[in-house]
Amino acid sequence: VQLLLVGDGVVPGTYYWIDGASGDFDITQPLAADFGQTTDNIPAVNVQVSVSPSAALGAHNIMVLNVSGEVAAFVGGIQVTN
């Protein structure tokens, strides 16, 4: 799955993960070239996510650690269905 995440804190150096059991999700951390802006000049990044076939069904949070060490969550940002 490729996700486009948009928000003021989305800048190179931020770290992304999805809550869940170990091995349910694998995120390829973005490179500087993966960051850009929307047409409204809001920071954005493309993130590649692999989802295990055995991942728990339901909503999972997308977590972001910014360069200042602050954590934010997109609650229910990923929905796993069968």
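Predicted model: local features only at pLDDT ≥ 70, side-chain atom pairs only at ≥ 80, totals over all residues.

Residues are numbered from 1 along each chain as its sequence is written, and side-chain values use heavy atoms, with hydrogens and water left out.

Strands here are DSSP runs of E, at least two residues, and helices are runs of H or I, at least four, numbered from the N terminus. Two strands count as paired if DSSP finds at least two bridges between them.

β6, residues 58–65, and β7, residues 71–80, run antiparallel and are joined by seven bridges. Their hairpin has five residues between the strands, and there glycine 69 takes a positive phi near 85°.

Now the other partner of β6. β2, residues 15–18, pairs with β6 through four bridges, again in the antiparallel sense. Tryptophan 17 stands opposite methionine 63, and isoleucine 18 stands opposite isoleucine 62.

Which order do the three strands take in the open sheet? The order is β2-β6-β7, with antiparallel pairing. β2 and β7 are the edge strands, each pairing on one side only. Neighbouring strands are turned by 25° against each other on average, direction ignored; the axes are lines fitted to C-alpha atoms, for helices over the stretch in contact, and angles run from 0 to 180 degrees between N-to-C directions.
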